[in-house]
Amino acid sequence: MAALSQVTIRARAIMVATKLGVFDALIAGALSAPDAAARCDTSPAATEKLLSMLVGSGYLRFNDGRYALSSTARKWLTTESPNSLRDKVLFEFVEWNLVERLETFVRTGDPVDMHASASPEEWGLYQRAMRALSGLAAPEVVRRTPMPAGATTMLDIGGSHGYISVAMCR
């Protein structure tokens with residue numbers, strides 16, 4: 001474990017906490033480690049270690065034996081937040097698996113085609129992840145894209161979820 005960077009460990013802790021529902025479990029309020037573990041169906045001792053890592057990373061707060069969401073976690077990692085990047089964080093598991101195939105690609109030259117090899121679940125997660133990222137960029141793209149006066153229709157030929165086009169039409 002010593003060879004892993006602190007950034008890698010922190011990223012993986014955030015990914016795992018997101019996947020296990022830790023941030024969503026704390027939406028209603030602070031919980032003890034055993035209570036958070038019960039909500040997430042995880043080991044109480046191991047959950048406490050994960051929660052402590054998240055406190056050290058600034059994603060949770062600890063007070064009086066209970067863990068609570070930081071404003072950062074509440075804004076970016078909970079299902080209910082309009083700014084949520086939760087699906088993008090979950091998609092990181094798929095991306096890390098793809099990156100692990102780099103050596104095979106370099107040795108064989110056989111590319112990894114995520115679009116062709118993704119399972120239906122991975123494809124859905126990919127679409128939701130891209131939509132989450134587009135939600136962040138859309139206001140800026142709309143503000144900076146010139147629109148002809150009186151425009152009433154738009155043709156989107158991007159081939160994805162179309163969120164930027166929807167935001168432009170609004």
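How close do the axes of α1 and α4 come, and at what angle do they cross? They come within 10 Å and cross at roughly 120°.

## Ground rules

This is a predicted model, so local features need pLDDT of at least 70 and side-chain atom pairs count only at pLDDT 80 or more, while totals for chains, interfaces and linings use all residues. Residues are numbered from 1 along each chain as its sequence is written, and side-chain values use heavy atoms, with hydrogens and water left out.

Helices here are DSSP runs (H or I, at least four residues), numbered from the N terminus. Axes are lines fitted to C-alpha atoms over the stretch in contact, with angles running from 0 to 180 degrees between N-to-C directions. The α1/α4 angle makes the pair oblique; that word covers whatever is left once under 35 degrees is called roughly parallel, over 145 roughly antiparallel and 65 to 115 roughly perpendicular. The crossing of α1 and α4 is left-handed, meaning the near helix is turned anticlockwise from the far one by less than a right angle.

On the α1 side, the contact (heavy atoms within 4.5 Å) is made by Ile-9, Ala-13, Ile-14, Val-16 and Ala-17, and on the α4 side by Leu-50, Met-53 and Leu-54. By class, that contact has eight nonpolar residues, no polar and no charged. For the tally, Ala, Val, Leu, Ile, Met, Phe, Trp, Tyr, Cys and Pro are nonpolar, Asp, Glu, Lys and Arg are charged, and the others, Gly among them, are polar.

## What else α1 does

Just after α1, Gly-21 takes a positive phi of about 85°.

The buried residues of α1 are Ile-9, Ala-13, Ile-14, Met-15, Ala-17 and Thr-18. Buried means under 20% relative accessible area, exposed over 50% and partly exposed in between (1.4 Å probe, protein chains only). Their cover includes α2 (22–25), α4 (44–56), α5 (71–77) and α6.

## Helix α6 against α9

Helices α6 (residues 86–99) and α9 (residues 120–144) have axes that come within 8 Å and cross at roughly 135°. That makes α6 oblique to α9, and their crossing is left-handed.

From α6, Asp-87, Lys-88, Leu-90, Phe-91 and Val-94 meet Glu-122, Leu-125, Tyr-126, Arg-128, Ala-129 and Leu-133 in α9. This contact splits into seven nonpolar residues, no polar and four charged.

## A few single residues

Thr-47 is in helix α4 and counts as buried at 5% relative accessibility. Beyond residues up to four places away in sequence, Thr-47 touches Ala-33, Ala-36, Ala-37 and Thr-42. Helix α3 (residues 33–40) holds Pro-34, which counts as partly exposed at 48% relative accessibility. Arg-39 also lies in α3 and is exposed, with a relative accessible area of 54%. Leaving aside neighbours within four places in sequence, Arg-39 is in contact with Ala-25 and Leu-31.

Thr-79 sits in the loop between α5 and α6. With residues up to four places away not counted, Thr-79 touches Asp-24 and Arg-86. The C-alpha atoms of Thr-79 and Ala-28 are separated by 12 Å, with the two residues 51 apart along the chain.

Notes:
Helix = DSSP H or I, 4+ residues; strand = E, 2+ residues; numbered from the N terminus.
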